[in-house]
Amino acid sequence: MNLKKEKQIRRKASELMLDWLRTVVPDEEKSKVTLDNLESYLPDQTHIYANRQLRISAYTLRWFVKRIKQLIKQGKDFNLITIKEIEDV
C-alpha cells in the first residue's frame, strides 16, 4: 500500500479510536482525552495469546488500522468509515 495512504489510515484510526474512547470514559474525563494524550489511556499490551495463536487485542491502534484496511478492501469510502462499521467487520 502507498505510504501516503498508510499515513492517512493511521490518522483515521487515531481519530476513530479517540471517538470510541470518549464514549467509554466518564463524562468529566471526555474533555481531557485528546490525540496528544491518547496513548496514556490505552494499555501497553497490543497482542494476546489464545488457543495457541497470537492475536491483536481489540480496540488498539493496530486493531483499528486492520479493520479500516478490511473495509477499504470491501469498497467502502475511506472518509465515511465510522466506529459502528469497524465494530461490525
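Tutor: Welcome! Two strands pair if DSSP finds at least two bridges between them. This is a predicted model, where local features need pLDDT of at least 70, side-chain atom pairs count only at pLDDT 80 or more, and totals for chains, interfaces and linings use all residues. Residues are numbered from 1 along each chain as its sequence is written, and side-chain values use heavy atoms, with hydrogens and water left out.

Student: What makes β1 and β2 a pair?

Tutor: Strands here are DSSP runs of E with at least two residues, and helices are runs of H or I with at least four, numbered from the N terminus. β1 (residues 47–50) and β2 are joined antiparallel by four bridges, and the requirement is at least two, so they pair. In one of them, Y49 has L54 in β2 as its bridge partner.

Student: Why is S57 called buried?

Tutor: Buried means under 20% relative accessible area, exposed over 50%, and partly exposed in between (1.4 Å probe, protein chains only). S57 has 12%, so it counts as buried.

Student: How do you know whether K69 is buried or partly exposed?

Tutor: K69 has a relative accessible area of 27%, so it is partly exposed. E6, at 15%, counts as buried.
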